[in-house]
Amino acid sequence: MGARKPNAGQRPSARQMLAKELARLREESGKSLATLGEETTYDRAYLHKLETGARVGSPGVIAALSAAYGTGGHLTMLWQLAREDAFADKYKRFMELEAKATVRYEYAVGTIPGLLQTEGYAREVLQAARPRDDNDLAEQVAARLGRQGLLWGDDPPYFRAVLDESVLRRGAHDPKEWATQLEHLVAVSELPNVTIQVLPFAAGLHGLVGTSLTILWLPDGSAVAYTEDARSGELFEGAADVEELRLSYDLLRDLALSPRESVAFIKRLMEDGRSCAPDQT
């Protein structure tokens, strides 16, 4: 199915603009999809989906097309605007708000938060969700890593992440990728705007068992909350709902290890992993 056409008077989305630009460039070049596929090493059917807006693309294919057409960074800039369309509509409102947030609290119960993931770990997490193909996986990884710019901008939000111990006990299949991910957590914890804490199993039951939570504080002083489980997510903007979830987070945070203890916990996991590596005696 091709991209939906905008209604009369409706401004086309960045995704539609990217698709139109790719189709225009190929038409002007006089190249067939088969020829373009040979030049870029990407399947002609996949390239066609990019031109119809059915797919957004990844940095790899956009770089290959830029080289084929000699457009420099033009396509990359347009792709960066379009990649947000890779996320479900129900999540876009949250993304709009997170871009404005000055403070962000997060509790992760299943996997390491997306803002803290390495490329290798993100790829394995997304691969487990069984993407349609390798190109689809590449698009999802690129979209996830692109959001991490929130932590590295000129005026980044304050970010506190509480990681359930289960998150750190369920490592990646590749020991090297997992070691890289743990090292990344330690490195990111040293940023002045980032605090990482671990909620140990010993903390017992609490009000957010099985539910990941993100709370965003906005410049006007208001706050929103987003809860997520393995199958769905829900955005809360009502003051009463957000306050209830914030209290649950505060109580949970009080049960967590201190930031210094948490980093020491992660470093012990790194040491345990090295001691168990096959090339160790």
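Me: Let's start with H4 and H5: how do their axes cross?

Reply: The axes of helix H4 (residues 59–69) and H5 come within 9 Å and cross at roughly 150°, where axes are lines fitted to C-alpha atoms, for helices over the stretch in contact, and angles run from 0 to 180 degrees between N-to-C directions. That makes H4 roughly antiparallel to H5, since angles over 145 degrees count as roughly antiparallel, under 35 as roughly parallel, 65 to 115 as roughly perpendicular and the rest as oblique. Helices here (H or I, at least four residues) and strands (E, at least two) are DSSP runs, numbered from the N terminus.

Me: Before going on, what should I know about the model and the numbering?

Reply: This is a predicted model, in which local features need pLDDT of at least 70 and side-chain atom pairs count only at pLDDT 80 or more, while totals for chains, interfaces and linings use all residues. Residues are numbered from 1 along each chain as its sequence is written, and side-chain values use heavy atoms, with hydrogens and water left out.

Me: Back to that pair: which residues of H4 and H5 meet?

Reply: On the H4 side they are Pro59, Ile62, Leu65, Ser66 and Tyr69, and these meet Leu75, Thr76 and Trp79 in H5, with contact meaning heavy atoms within 4.5 Å. By class, the contact of H4 with H5 has six nonpolar, two polar and no charged residues; Ala, Val, Leu, Ile, Met, Phe, Trp, Tyr, Cys and Pro count as nonpolar, Asp, Glu, Lys and Arg as charged, and the others, Gly among them, as polar.

Me: And what do the buried residues of H4 pack against?

Reply: They pack against H1, helix H2 (33–40), helix H3 (44–52) and H5. The buried residues of H4 are Val61, Ile62, Ala64, Leu65, Ser66 and Tyr69, where buried means under 20% relative accessible area, exposed over 50% and partly exposed in between, with a 1.4 Å probe and protein chains only.

Me: What about H1 and H5?

Reply: The axes of helix H1 (residues 14–29) and helix H5 (residues 74–82) come within 8 Å and cross at roughly 150°. That makes H1 roughly antiparallel to H5. Their contact is made by Ala14, Arg15, Met17, Leu18, Glu21, Leu22 and Leu25 of H1 and His74, Leu75, Leu78, Trp79, Leu81 and Ala82 of H5. By class, that contact of H1 with H5 has ten nonpolar, one polar and two charged residues.

Me: Switching to loops, why does Gln117 count as buried?

Reply: Gln117 counts as buried because its relative accessibility is 1%. Gln117 lies in the loop between strand S1 (103–108) and helix H7 (119–128), and, leaving aside neighbours within four places in sequence, Gln117 is in contact with Thr111, Ile112, Ala122, Arg144, Leu145, Gln148, Gln181 and His184.

Me: And Thr41, buried or exposed?

Reply: Thr41 counts as exposed, at 69% relative accessibility, and is found in the loop between H2 and H3. Phi of Thr41 is near 70°, a positive value in a residue other than glycine. Most residues other than glycine have a negative phi.

Me: Where is Leu257, and what does it touch?

Reply: Leu257 is found in the loop between helix H11 (239–255) and helix H12 (259–275). Not counting residues up to four places away in sequence, Leu257 touches Gln197, Val198, Pro200, Ser262 and Phe265. The C-alpha atoms of Leu257 and Val198 are separated by 5.5 Å, although the two are 59 residues apart along the chain.
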